[in-house]
Amino acid sequence: MEINLVTKVWSVDNDVENIQSCTQIVDAARLLHAGEAVAFPTETVYGLGANALSNEAVEKIFAAKGRPSDNPLIVHIGERQQLSTVAGEVPEKGQKLMDAFWPGPLTVIVPKNEHVASLVTAGLDSVGVRMPAHPVALALIKQAGVPIAAPSANRSGRPSPTTAAHVLADLDGRVAGIVDGGATGVGVESTVIDVTVEPPVILRPGGITREQLESVIGPVELDPSFEVGAVETPRAPGMKYTHYAPEGELWLVAGSEEQARIKMAELLSQAKIDGQKTGVLATEEWAGYWRDHEAADVVLTVGAQADLEQVAQQLYAVLREFDNQQVQFIVGETFSREGLGMAVMNRLEKAAGGRILSV
Ligand code: TXA
Ligand code: MG
């Protein structure tokens, strides 16, 4: 479909008092209320929002992103009472998780009601809901007065946007507007947990860790698709697509540090012989080593091995930077799967599209 819009950009100061009544938020909310698609910051990544009660509005999200329509969207609410606009009866464990982690990076899959637009749920009888912990997102949703369906505001398949500039790079001319609230904090998307089954199942690892969830509701299961080495089809429809991928070919090398580095160097040297521009996605610890290495043209660091919060925050921006520098072949270091590491490794493995070597 041909889309030819003039994309408005509003800059909002996150710390301003009475944010909900500032003109930028009022303007953006009016467009959302009128059925347009508008991008906005959350604490995880930027989302591309539209009225979750209108198929016509939600259709604009799919069109702008080029997103397959069998992949359901998360509904964002600005206050707890808005839950009933899209959800049916919420199981007790779902309530407990909402009490503990909202507003915050947790999406809870619950039974849907008849009001939520069918395109949002892609025909499922459940709906994913979250209340984001970002002052701009909360103000915008409340001001719009309707629940807001929002996937990440990237072209389908690209790394999720963590700044308004990333959104503009992907969606300029394809959406009505972008609210710029600066860089996002968490950097990877929300955790998705299905509480319509017992025990609840994590469908996507994210900003809230398994350990945090279990401290509130007891044992939860992991979708088999992202246990290490598994090949089963994922249950969250979105997890089956190639995602977060840079344009260059990304390879991950896991194993003992010593051997991983030897293998990475081998891959880089071969790529150089093939005439490609090469890159290394490096940890702080090894950045110096790679900068001195003759086969590495571009070395970008995502943070220290031990600081997974920093790694999560920078991961998508770094993947995009390889594209900006037109790197054709990238090797990446790997991280622990503890805590936030599970989300980091899940996104890296998706970005690599299965190109993972164990040495
Ligand atoms: O942090 C986030 O969650 C960001 C920000 C913008 O809030 N949003 C986001 O949305 O990542 P999206 O559409 O890129 O990812 C939604 C994920 C997909 O994997 C989708 O398949 C899954 O949630 N999902 C949504 N509704 C579902 C449902 N009813 N049942 C199972 N999975 C569902
Ligand atoms: Mg996404």
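## Contacts of I61

In this predicted model, I61 is in contact (heavy atoms within 4.5 Å) with L48, G49, A50, L73, A149 and P151, leaving aside neighbours within four places in sequence. I61 belongs to helix α2, residues 55-65. Helices are DSSP runs of H or I with at least four residues, numbered from the N terminus.

I61 has 0% relative accessibility, so it counts as buried. Buried means under 20% relative accessible area, exposed means over 50%, and partly exposed is in between, with a 1.4 Å probe and protein chains only. G279 lies 218 residues from I61 in sequence. In space, the C-alpha to C-alpha separation of I61 and G279 is 33 Å.

## Aromatic pairs

The count of aromatic pairs is three. Rings of Phe, Tyr and Trp (for Trp, the six-membered ring) pair if their centres lie within 6.5 Å; planes under 30 degrees apart are stacked, over 60 edge-to-face, and the rest tilted. One of the pairs is W286 with Y289, edge-to-face, at 5.6 Å centre to centre and 85° between the planes. Both residues sit in helix α9, residues 284-291. They are three residues apart, about one turn of the helix.

Y289 also pairs with W290. That pair is edge-to-face too, with 5.0 Å between centres and 80° between planes.

W286 counts as buried because its relative accessibility is 19%. W290 is buried as well, because its value is 0%. Y289 has 33% relative accessibility, so it counts as partly exposed.

R261 lies over the face of Y289, at 5.1 Å from the ring centre. The rule for such a charge is NZ of Lys or CZ of Arg within 6 Å of the ring centre and within 35 degrees of the ring normal.

## Confidence and conventions

The chain has a mean pLDDT of 94 (the predictor's confidence in each residue, from 0 to 100), and 95% of its residues reach 70 or more. Residues 229-234 fall below 50. Beyond near neighbours in sequence, this stretch has nine contacts in the model.

Residues are numbered from 1 along each chain as its sequence is written, while chains are lettered from A and ligands numbered from 1 in the order in which they are written. Local features need pLDDT of at least 70, side-chain atom pairs count only at pLDDT 80 or more, and totals for chains, interfaces and linings use all residues; side-chain values use heavy atoms, with hydrogens and water left out.

Note on methods:
Helix = DSSP H or I, 4+ residues; strand = E, 2+ residues; numbered from the N terminus.
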